[in-house]
Amino acid sequence: MLTPYKHEPFTDFTVEENRIDFEAALRQVEGELGKEYSLVIGGERVSTEEKIVSYNPSNKEEIIGIVSKANQDLAEKAIQEANNAFQTWRKANPEERANILIRAAAIVRRRKHEFSAWLVKEGGKPWKEADADTAEAIDFMEYYARQMVEIKNGKSINSREGELNQYMYTPIGVTVTISPWNFAFAIMAGTTVAPIVTGNTVLLKPASTTPVVAAKFVEVLEEAGLPKGVVNFVPGNGAEVGDYLVDHPKTSLITFTGSRDVGTRLYERAAVVQSGQNHLKRVIVEMGGKDTVVVDSEADLDLAAQSIVISAFGFSGQKCSAGSRAVIHEDVYDEVLEKAIKLTQELSVGDPTTNEHYMGPVIDQKAFDKIMSYIEIGKDEGRLVAGGEGDNSIGYFIQPTIFADVDPQARLMQEEIFGPVVAFSKAKDFDHALEIANNTEYGLTGAVITKNRERIEQAKQDFHVGNLYFNRNCTGAIVGYHPFGGFKMSGTDSKAGGPDYLTLHMQAKTVSEMF
């Protein structure tokens with residue numbers, strides 16, 4: 001009998017013992033840097049000549065690991081192995097599938113700092129952010145295990161006299177999981193174990209910038225007792241391997257987290273019925289956001305400034321939930337801006353290994369160039385009041401940047417930057433603030449800072465986002481507490497970490513028996 005779900009506590013790094021333990025984990029990881037990792041297909045290790053090299057974004061000369069790279073022939077073999085494994089895995093006892101997740105969560109919990117240290121090194125995450133990433137991965141396993149046990153017998157429906165009716169959930173089939181680099185453990189783990197616990201088999205294609213953390217997690221699943229072929233580790237090129245897996249007629253479900261452009265392209269490809277395909281593919285996509293913190297005239301202005309800064313600059317703004325827009329009532333605009341500038345200027349940027357900095361690097365050169373180009377755009381569209389500088393001589397570091405007086409239709413206010421840049425815009429009143437907040441093609445997260453109950457109720461109805469927060473930042477959703485997923489072009493509103501999520505990986509089946 002499983003205990004009630006409760007989220008994994010975060011580590012308090014003000015406690016000396018915790019700092020010492022984490023430093024030891026970092027030293028352990030540093031001793032393992034540069035190792036090679038094979039593909040896993042049907043439970044067998046497959047090494048390839050072509051490799052993916054993972055680098056430390058804080059020190060671009062440091063190699064984190066060297067990972068074998070799948071091609072289409074190996075992707076085909078992995079699909080066949082996954083399809084074969086599905087024939088038995090789909091009939092496995094749901095409670096045993098859940099128990100594998102519980103065992104995997106226990107393994108990760110025992111190695112919590114080690115996994116977080118990998119995230120510091122491979123993902124460039126500060127200690128606090130890495131610890132939260134690992135905690136969320138544990139949460140997904142614990143929560144989905146309990147959810148599977150809860151729905152294993154389906155749901156109650158009516159039966160007439162002489163008739164027994166059942167409503168049950170059955171697995172779909174082979175799942176392609178395409179995971180992102182920004183939550184290299186949490187989202188990768190969550191989008192892998194959800195299809196597994198529901199009786200599907202998985203081909204895991206992690207982001208090419210963070211494949212080592214994924215390889216380590218596959219080892220954990222094996223240690224937890226996952227049968228061969230249920231998860232297949234196939235990192236590779238998106239255009240070559242990703243498209244092949246998405247298009248394949250044996251693929252039944254695709255779960256993707258990433259950019260709008262890639263997500264919409266994938267969604268379109270998955271809609272095509274291929275030769276030999278006898279089903280419609282199901283697609284779960286989360287594609288990012290252009291998220292807004294709205295500050296009302298009746299607000300705690302210190303809280304408003306704190307919420308804006310945390311939302312914008314946590315993990316260098318590399319979150320789909322990041323608050324890259326601040327829309328402030330004109331009566332308090334100048335004061336909130338001044339407070340936010342002061343807080344931002346206190347933030348430090350540097351190598352996160354030492355835990356001395358609030359922000360680490362952005363993920364790679366491509367991201368660095370993109371963000372710096374938006375900073376140049378911002379100089380034309382607004383008033384640069386904080387930051388604006390970058391240094392990629394050793395790693396990919398960008399100062400937290402604020403632009404003031406930006407037009408609501410400006411590129412800085414409309415396009416996802418995915419970096420430490422926030423644009424401030426002035427609103428005439430609360431209605432105008434909500435109008436601006438809703439004026440993008442995205443609808444993922446948002447926050448409203450106000451003491452006015454009527455305006456809170458108004459925003460509940462009129463602020464069109466999947467995750468809406470009041471009097472706090474718009475980032476940091478917790479599994480089982482804040483089910484996560486967005487509206488409009490932010491995705492399919494799948495609500496990861498919520499009570500409906502697992503059923504997206506299953507088909508409902510009605511069975512009626514006369515007696």
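**Entry 1: a salt bridge to start with**

I began with Asp296 and Arg455, whose side chains meet in a salt bridge at 2.8 Å, N to O. I then looked up where the two partners sit. Asp296 lies in the loop between strand S12 (291–295) and helix H10 (301–313), while Arg455 is in helix H15 (residues 453–462), so the pair ties together parts that are 159 residues apart in sequence. A note to myself: this is a predicted model.

Asp296 has a relative accessible area of 1%, so I wrote it down as buried. Arg455 comes out at 23%, so it goes in my notes as partly exposed.

I also jotted down the general idea: side chains of opposite charge can pair when their charged atoms come close.

**Entry 2: how many salt bridges?**

I wanted the total, and the structure holds 32 salt bridges. I picked out a couple more of them to look at.

One of them joins the side chains of Glu8 and Lys112, at 3.3 Å from N to O. This pair links distant parts of the chain: Glu8 is in the segment before helix H1 (16–30), Lys112 is in helix H4 (residues 112–123), and they are 104 residues apart. Are Glu8 and Lys112 buried or exposed? I found that both Glu8 and Lys112 are buried.

My other pick was Asp243 with Arg269, where the closest N and O atoms are 3.7 Å apart. Here, too, distant parts of the chain are linked: Asp243 sits in helix H8 (residues 238–247) and Arg269 in helix H9 (residues 260–270), 26 residues apart. Asp243 is at 10% relative accessible area, so it counts as buried. Arg269 is at 26%, so I put it down as partly exposed.

**Entry 3: looking for disulfides**

I turned to the cysteines. In general terms, a disulfide is a covalent bond between the sulfur atoms of two cysteines. How many disulfides did I find here? The count came to 0 disulfides.

I checked Cys320, which is in no disulfide; its nearest cysteine sulfur belongs to Cys474 and is 10 Å away. Looking from the other end, Cys474 is in no disulfide either, and the nearest cysteine sulfur to it is that of Cys320, at 10 Å.

Cys320 is buried, with 7% relative accessible area, and Cys474 is buried, with 1%.

**Entry 4: charges on the surface**

Which residues form a negative surface patch? I listed Glu330, Asp331, Asp429, Asp431, Glu435 and Asp462. I followed up on one of them, Glu435, which is found in helix H14 (residues 430–437). Its relative accessible area is 54%, so I noted Glu435 as exposed.

**Entry 5: one last residue**

I finished with Glu61, which lies in strand S5 (residues 59–68). With a relative accessible area of 66%, Glu61 is exposed. I also looked at Glu61 together with Gly395: they are 334 residues apart in sequence, yet 8.6 Å apart in space, C-alpha to C-alpha.

Methods
Residues numbered from 1 in each chain as written. Predicted model: local features only at pLDDT ≥ 70, side-chain atom pairs only at ≥ 80, totals over all residues. Heavy atoms only, no water. Disulfide = S-S within 2.5 Å. Buried < 20%, exposed > 50% of the residue type's maximum accessible area, 1.4 Å probe, protein only. Salt bridge = Lys/Arg side-chain N within 4 Å of Asp/Glu carboxyl O. Helix = DSSP H or I, 4+ residues; strand = E, 2+ residues; numbered from the N terminus. Patch = residues over 30% accessible without salt bridge, like charges linked within 9 Å, V, L, I, M, F, W, Y side chains within 5 Å. Areas by Shrake-Rupley, 256 points an atom, 1.4 Å probe, with all protein chains shown as cover. Lys, Arg positive; Asp, Glu negative; His and termini not counted. Charge placed at Lys NZ, Arg CZ, Asp CG, Glu CD.
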